[in-house]
Amino acid sequence: MAHTSGVHALVRRVHEERVLAILRERGGLSRAQIAVRAGLSRTTLSEITGGLLARGAIVVVNTDARRRVGSGRPAELLALDPHAGQYLGVDLQHARVRVVVADATHEIIAGGQAAYPEGTGRTGRPAVAFDLIDRIAAESGINFQALQGVGVGVVGPDADGSRRQVTAAFAQRFAVPVVVDNNTRFAALAEAVADGTDPRDLVYIRLSDGIGGGVVVGGRLVAGGRGMAGEFGHIAVDPSGVPCRCGKRGCLETIASVPAVLRACGLATLGDLAQAGPAVHPVLDAVADAVGRVLAEAALILNPEQVVIAGNLATAAPRVVTRAASVVAAELTPVGGAGPTIRSARLGDDDGARGAIAALFRQTPLLTDYPSTIPAPGAGRSAT
């Protein structure tokens, strides 16, 4: 019985996606017109559109009374609700929060970012996110009355149990299913599906305020036994180096994160780095060499099709990506065979938030066997 119910839900979802795609492409259409284009019976179409109307994914925009010929009741015209935020993707980064909002067709319709006030700890970050979400809603006219789910990316491993607190905060605020995971792993998912190819084997690293990563193996986004797969930032590259916040010394994050690079270059911002010229090349080359060695070791173990280098450091200093790619190629040459494609990320710094939404969609084989979303408690929905 449960299997039958699951199949029915999957079929219903396929039909919903077809109807939404038609409305996105054609605009306002009657139920009869949608049924013909979707290849559905009127009974099935009525059930599908009824559900979409009930949750606010589509709205009645008009009737065909003006252009109708003959007698009979005018047909309602249905269209996507341009003001309904159906999915929220949130990335609680080290220094700021990023939010993206998607509609019923999974298109991003709004987004924004906000820095944390000084001294904001992990448990205080959701409140900053809520304020940003309220601001985005007010500025864009979006409502969340038909919200279907929230995906939240958080930094680092869940060593202190803070993910449970984040889950509870968002579930209480919005009363919808919430999925929480490492933000860089979400970013890896977003990058992997960005062009629709879904590579079966991919290694992703983000060089930003911190350093993290994600791994796709055999067409699966890997969480790992304790949810720590892809923590490239805490691989020690200089055992006698400076202390890392994880307790070890000389981790990649102490060398190749944005704060570490800016300190080594004597600069204040990434904008300064982009304008510094050859004076900072020695620092950038040392950073690229360290990143390249870590990625080469990962490539030797995992043999990926693609290696993606992302983050605002990679954007501000493309030299790091180019040199790191050369290091990987040199390290893998003696092994033989074609090495992986090494490229910059296609997405920007909102990739973690976009990946959080992609996790909610669960339409990609990359998420097969991945941990399920966490159902929300029966709290009241936010009035946002």
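Visitor: Before we start, what counts as a helix or a strand here?
Guide: Helices are DSSP runs of H or I with at least four residues, strands are DSSP runs of E with at least two, and both are numbered from the N terminus. Please keep in mind as we go that this is a predicted model.

Visitor: Okay, so where is A175?
Guide: A175 sits in the loop that runs between helix 5 (162-174) and strand 8 (178-182). Its phi is near 55°, which is a positive value in a residue other than glycine.

Visitor: Where does N303 lie, then? Is it buried or exposed?
Guide: N303 lies in the loop between helix 10 and strand 12 (306-310), and N303 counts as exposed because its relative accessibility is 58%, where the cut-off for exposed is over 50%.

Visitor: Switching topic: which residues make the nonpolar surface patch?
Guide: The patch is made by V217, L300, I301, L302 and V335, and it covers about 450 Å². Helix 10 (residues 281-302) gives the most to this patch, with 3 residues.

Visitor: What about L302, how open is that residue?
Guide: L302, which lies in helix 10, has a relative accessibility of 31% and therefore counts as partly exposed.

Visitor: Now salt bridges. How many are there in the whole structure?
Guide: A search of the whole structure finds 15 salt bridges. One of them pairs D285 with R319, with the closest N and O atoms 2.8 Å apart. D285 lies in helix 10 and R319 in helix 12, so this pair ties together parts that are 34 residues apart in sequence.

Visitor: Are those two residues buried, partly exposed or exposed?
Guide: D285 is buried, because its relative accessible area is 14%, whereas R319, with 35%, is partly exposed.

Visitor: Which residue does R323 meet in a salt bridge?
Guide: The side chain of R323 meets that of D289, at 2.8 Å from N to O. R323 lies in helix 12 and D289 in helix 10, so here too parts that are 34 residues apart in sequence are tied together. Through salt bridges that share partners, D285, D289, R319 and R323 are joined into one network.

Visitor: What does D91 pair with?
Guide: D91 forms a salt bridge with R206, and their closest N and O atoms are 3.3 Å apart. This pair links distant parts of the chain, with D91 in strand 4 (residues 87-92) and R206 in strand 9 (residues 202-207), 115 residues apart. Both D91 and R206 are buried.

Visitor: Back to helices: at what angle do helix 2 and helix 3 pack?
Guide: Helix 2 (residues 31-38) and helix 3 (residues 42-54) pack at an angle of about 115°, with their axes 10 Å apart. That makes helix 2 roughly perpendicular to helix 3, and helix 2 passes helix 3 in a right-handed crossing.

Visitor: Last one: how many residues of helix 13 are buried?
Guide: In helix 13 (residues 351-361), 10 of the 11 residues are buried, so by the cut-off of under 20% relative accessible area the helix is mostly covered. The buried residues include D351, G352, L360 and F361.

Note on methods: Residues numbered from 1 in each chain as written. Predicted model: local features only at pLDDT ≥ 70, side-chain atom pairs only at ≥ 80, totals over all residues. Heavy atoms only, no water. Buried < 20%, exposed > 50% of the residue type's maximum accessible area, 1.4 Å probe, protein only. Patch = residues over 30% accessible without salt bridge, like charges linked within 9 Å, V, L, I, M, F, W, Y side chains within 5 Å. Areas by Shrake-Rupley, 256 points an atom, 1.4 Å probe, with all protein chains shown as cover. Salt bridge = Lys/Arg side-chain N within 4 Å of Asp/Glu carboxyl O. Axes fitted to C-alpha atoms, helices over the stretch in contact; angles between N-to-C directions. Parallel < 35°, antiparallel > 145°, perpendicular 65-115°, else oblique. Left-handed = near helix turned anticlockwise from the far one by under 90°.
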